[in-house]
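Here are my notes for a first look at this model. Please keep the structure open while you go through the points.

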Amino acid sequence: MPRSNHYTGVADDSDAPAVQPVQAGVLLVNLGTPTAPTAQAVRPYLAEFLGDPRVIDYPRWLWWLILHGVILRVRPKRSAHAYARIWDERGSPLRYGSEALAAALQAEFDRRRPGTLRVALAMRYGEPSVAQTIERLQREGVRRLLVLPLYPQYSATSTGSVIDAVADACKQRRWPPELRFVNDYHDEPGHIEALAAGIERWWAAHGRGEKLLLSFHGIPERYVRLGDPYAEQCRRTAQLLHERLRLGESELIVSFQSRVGRERWLQPYTDATVRRLAADGVKRLDVACPGFAVDCLETLEEIAMQNRDFFTAAGGESLRYIPALNDSAEQVASLAALVRRHLGGWPEAAA
Ligand SMILES: C=CC1=C(C)c2cc3[nH]c(cc4nc(cc5[nH]c(cc1n2)c(C)c5CCC(=O)O)C(CCC(=O)O)=C4C)c(C)c3C=C
Ligand SMILES: [Fe+2]
Ligand SMILES: [Fe+2]
């Protein structure tokens with residue numbers, strides 16, 4: 001950790017290199033995940049995540065009472081049980097999937113122009129934190145930083161919160177890096193092509209269901225009314241995929257998952273949708289989650305296990321989850337191209 005200036009409270013950057021050739025970095029940021037699938041480890045993770053006013057915007061005192069008085073007494077145990085179902089010898093899929101993606105992107109840049117671009121991964125909640133990672137990158141000589149939250153669609157609850165974390169980290173630094181942010185990449189042609197290629201590759205290997213459901217993480221509907229562009233961006237991604245995959249009108253359906261609390265969230269809900277489709281006679285349903293860059297609890301447990309069970313209990317035969325792009329060649333190529341374009345105009349740093 002940097003020393004803190006006695007008078008100003010600002011971090012002492014004197015161990016950072018003073019003047020060096022400008023080096024560019026890419027900071028990938030994902031949500032974060034507990035350190036173990038236990039209630040004890042899930043509790044501090046949920047406390048940090050659900051304590052973020054970008055995620056839940058109720059008056060602080062009221063929310064603090066509900067969060068610490070009720071939610072953190074009940075939810076960690078339930079969530080830990082869900083995490084235990086997807087945890088393997090490598091740990092949490094969100095962590096090792098994000099690390100593999102960062103390593104593959106670094107290898108891609110090194111292959112083309114060795115030593116010009118440094119890729120790092122931070123977690124919005126838990127470790128490695130955004131602040132720690134920016135500090136490390138600066139110690140290693142990075143002066144220009146492109147922040148790429150691993151959320152294709154912008155939401156204040158996800159991307160907006162990453163922007164806050166970067167701003168807070170920079171407040172603590174005497175000489176912060178020059179910054180750029182990727183706000184979203186929901187309609188990037190390269191990204192849509194990567195998603196479509198991933199789905200087609202999976203269909204070629206496993207055959208095709210009767211319908212394709214695209215399930216996005218939900219947010220409270222009220223946030224959208226207050227100006228969050230998330231729902232519109234999800235629908236646009238779905239529309240572009242629909243066109244690219246050349247599916248018929250009723251072959252592709254969009255829904256929103258992972259609702260928490262009592263407020264109305266974006267509709268239709270994924271669980272109600274898979275039950276309705278089964279009741280309508282659909283037997284084989286494919287589900288993809290284009291809002292998640294790498295697989296995680298929400299895809300591997302909530303979709304591939306919970307919703308699969310809802311579907312079969314309601315009369316469906318098989319719900320098959322099509323994996324996220326993870327560290328596939330398609331994802332690496334599309335994110336590398338996105339990064340190169342966003343670095344344009346920083347000539348010495350462009351990869
Ligand atoms: C309660 C409010 C929540 C909002 C708003 C929210 C938005 C949001 N989340 C993601 C991505 C992920 N969320 C994940 C887990 C998760 N999400 C919430 C709550 C909200 N998310 C909770 C409480 C949890 C933890 C698990 C649980 O207790 O149910 C994950 C997976 C994490 C993992 O470790 O695998 C991701 C990824 C987005 C993109 C988003 C807004 C668009
Ligand atoms: Fe979430
Ligand atoms: Fe969930």
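1. Domain bounds here come from an automatic or database domain assignment. By that assignment, the protein chain is divided into domain 1 (39-86) and domain 2 (189-322). The C-alpha centres of domain 1 and domain 2 lie 25 Å apart. Four residues of domain 1 are in contact with four residues of domain 2; contact means C-beta atoms, placed from the backbone, within 7 Å. On the side of domain 1 that touches domain 2, three residues are nonpolar, none is polar and one is charged. Ala, Val, Leu, Ile, Met, Phe, Trp, Tyr, Cys and Pro count as nonpolar, Asp, Glu, Lys and Arg as charged, and the others, Gly among them, as polar.

2. A word on the basis. This is a predicted model: local features need pLDDT of at least 70, side-chain atom pairs count only at pLDDT 80 or more, and totals for chains, interfaces and linings use all residues. Residues are numbered from 1 along each chain as its sequence is written, while chains are lettered from A and ligands numbered from 1 in the order in which they are written.

3. Now the ligand. The shell around ligand 1 holds 23 residues, and the closest are Thr33, Ser79, Val260, Cys296 and Leu297. A residue is near a molecule or strand if its C-beta atom, placed from the backbone, lies within 6 Å of it. Two or more shell residues come from each of α2 (60-86), α5 (156-171) and α10 (297-313). Helices (H or I, at least four residues) and strands (E, at least two) are DSSP runs, numbered from the N terminus.

4. What classes make up the shell around ligand 1? Twelve residues are nonpolar, nine are polar and two are charged. Domain 1 and domain 2 each give at least three residues to this shell.

5. Next, a sheet. Four strands form an open sheet in the order β4-β3-β5-β6, with parallel pairing. Two strands pair if DSSP finds at least two bridges between them. β4 (117-123) and β6 (178-181) are the edge strands, and each pairs on one side only. On average, neighbouring strands of this sheet are turned by 25 degrees against each other, direction ignored. Axes are lines fitted to C-alpha atoms, for helices over the stretch in contact, and angles run from 0 to 180 degrees between N-to-C directions.

6. Look at one strand pair. Strand β5 (residues 142-149) and β6 run parallel and are joined by four bridges. Val147 has Phe181 of β6 as its bridge partner. Helix α4 (residues 130-139) lies across β3 (23-30), β4 and β5. Against β4, α4 runs at about 160 degrees.

7. Check two cis peptide bonds. One joins Glu127 and Pro128, with omega about -5 degrees. Pro128 sits in the loop between β4 and α4. Another joins Gln267 and Pro268, with omega about -5 degrees. Pro268 sits in the loop between β8 (252-257) and α9 (270-279).

8. Two residues other than glycine have positive phi. For Ser258, phi is near 70 degrees, and Ser258 lies in the loop between β8 and α9. For Asn326, phi is near 50 degrees, and Asn326 lies in the loop between β10 (318-322) and α11 (329-342).

9. Are these two residues buried or partly exposed? Ser258 is partly exposed because 17 other C-beta atoms lie within 10 Å. Asn326 counts as buried, with 20 C-beta neighbours inside 10 Å. A residue is buried if 20 or more other C-beta atoms lie within 10 Å of its own, exposed if 12 or fewer, and partly exposed in between; C-beta atoms are placed from the backbone.

Notes
Two residues are in contact if their C-beta atoms, placed from the backbone, lie within 7 Å.
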